[in-house]
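These are my notebook entries on a set of look-ups.

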Amino acid sequence: MTAAAFPARTGTGTRSGGSRQLAGTGALLRFNLRRDRVVIPAWVAVTGLLVLSLPGSLKTVYSTPAERADIARQMLTNSSLRATYGPVFSDSLGGLTAWRIGGYAAILAGIMSLVVVVRHTRDEEESGRQELVSSAMVGRRAPLTAALLTALVANSALALLITAGMAGQGSTGALALGLGIGGVGMVFATLAAIVAQFTDSGRLAKGLTGGLLGAAFVLRAVGDSTTNDGSSPATWISPIGWLENLRPFAAERWWVLALFVAATLVQGVVAYELAGRRDVGMSFFPARPGPAHGRLGTAGALAWRLQRGGVLGWGLGFFAAGVAFGGITKGAADLVGDNAKTREIIERMGGQSGIEDAFLATMVGMFGMLAALYAVSSVLRLHSEETGQRAEPILANAVGRLRWAAGHLTIAFAGAVVIMLLSGLGLTLGYGAEPGPILAATLVQLPAIWTLGALAVLLHGISPRLSPASWAAAGLALALGWIGPALNLPKAVLDISPFGHLPKLPGGDMAWGPVIVLTAIAAALVAVGLTALRRRDLTT
């Protein structure tokens, strides 16, 4: 992108009236949508299809009104399951869909929104492109406005897809569910806009906003564990709790939508005010300079310094989630009851060694697929360092490309070991079992995690332009593992994911063949990727 994309600045610039403050917003919005022409549609499609796939799956599992009424009654007494999914307000297919997937779809909408806003605000300033754009006739608040409008377009498309796809379950409930999920997305879009004013890097802004998103989920879970009607103050503090209390498909409370609108407007005003009080490229909390005689003497030490926050955050999150899911394992048998179809789905996901072992194996598999997202994110730190031109000063010294890359890859692959072990410890504490079998089960997931991380190494090594495709591969593996068994997809389709080849532990029989083969594939992909990285030119 060049300054020629915008007309030259004239007159008094951004210090004039409101119209000049927003000059160039339309051009920036069109440019943002063009840049995100693949990412936003893919994210909207995946999130929307996850929601739209649920009614058919639920109809297969709970085929009669009596079975659906029974699962709704069980939620009234099982506080652990309410903490995980929330209370059930309707035993219709639409109501059960909103209960089962609504909160998680809202989380995905929040992640999409914060990534979009930070990418087009703080990331642009960090790279220096915003200074170039601002040299043209672009108002001071135009970049922030364009970023928020981009998020609004994405969330509107998601809300429209969910409303249209769920209309068969009830048009009123479908509209409430779509607006609620889109509303959560916009709340975190404006929250990300505020956080971006205080941080000096896009990575930190995304991490802090993601942490607030996680805190919102925890508040909702804590509130729902104490009440069965969503009335807890903790639930009402969380935007995800607002979606729950909107009650799609269950006598909708339309006034709750006012909370989304008010939060979005208030946070937007705060973000605008903060953006007008700082210089481009600066932040209210700039990074502190390091010590004059630091300990970053190696590329590996620098990589650890850059990525230690991510390892800690992922590890603590996995440990807390492990404790929560371990605590509800004993209630898995009560939830399934005599429903053979539910038992069949859990056994397809976790093996046929007993419902509790199958449930634990399912949770371990889900942790593994989520850990693959960490591995890809950590590997792609190479991409951000290279494209941000921070790698060049390091490589200009006595540091080869392989040493530089090895530092980040060590954090990526060893960090996956750490967070999987922490998830195993959490499951052990929550379930109250011997740690050996569960920890072994978490370690068995590593070859599949490493394979997806190694694919990211290969794609980045060939060309940084191919790096985003590694996210698509990790997302496909997550989608196949999450909804594939519920949809009873053929084994050939499920085996596209490396996780489909691993033994189902704990409880199942150990099979070393797939573990060894996947480890060898991961090693080969890393070797080829590093060879390609060594031979190509760096991105300028």
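Predicted model: local features only at pLDDT ≥ 70, side-chain atom pairs only at ≥ 80, totals over all residues.

**Entry 1. Charges over rings.** Which residue lies over the face of Phe 217? I found that Arg 220 does, at 5.0 Å from the ring centre. I then looked up a second case, in which Arg 247 places its charged end over the ring of Phe 89. The distance from the centre of that ring is 4.1 Å.

**Entry 2. Aromatic pairs.** I next turned to rings facing rings. A pair of this kind is described by the distance of the centres and the angle of the planes. With ring centres required to lie within 6.5 Å, I noted a count of six aromatic pairs. One that I examined is formed by Phe 318 and Phe 367, with 5.4 Å centre to centre and 40° between the planes. Phe 318 and Phe 367 are both buried. I also noted that ring pairs join these two with Trp 314 and Tyr 374 in a cluster.

Entry 3. I placed Trp 254 in the loop between helix H14 (239–246) and helix H15 (257–275). Its relative accessible area is 36%, so I list Trp 254 as partly exposed.

**Entry 4. Thr 227.** Is Thr 227 buried or exposed? I recorded Thr 227 as buried because its relative accessible area is 18%, and the class requires under 20%. The residue belongs to the loop between helix H12 (202–226) and helix H13 (233–237). Setting aside neighbours within four places in sequence, I found Thr 227 in contact with Arg 82 and Ser 232.

**Entry 5. Val 417.** I looked up Val 417 in helix H22 (residues 401–431). Its relative accessibility is 22%, and therefore I count Val 417 as partly exposed. Which residues does Val 417 contact, leaving aside its neighbours within four places in sequence? I listed Leu 443, Leu 446 and Trp 450. I also checked Val 417 against Ile 449: the two are 32 residues apart in sequence, and their C-alpha atoms are 9.5 Å apart in space.

Methods
Residues numbered from 1 in each chain as written. Heavy atoms only, no water. Helix = DSSP H or I, 4+ residues; strand = E, 2+ residues; numbered from the N terminus. Buried < 20%, exposed > 50% of the residue type's maximum accessible area, 1.4 Å probe, protein only. Phe/Tyr/Trp six-rings, centres within 6.5 Å; stacked < 30°, edge-to-face > 60°. Lys NZ or Arg CZ within 6 Å of the ring centre and 35° of its normal. Contact = heavy atoms within 4.5 Å.
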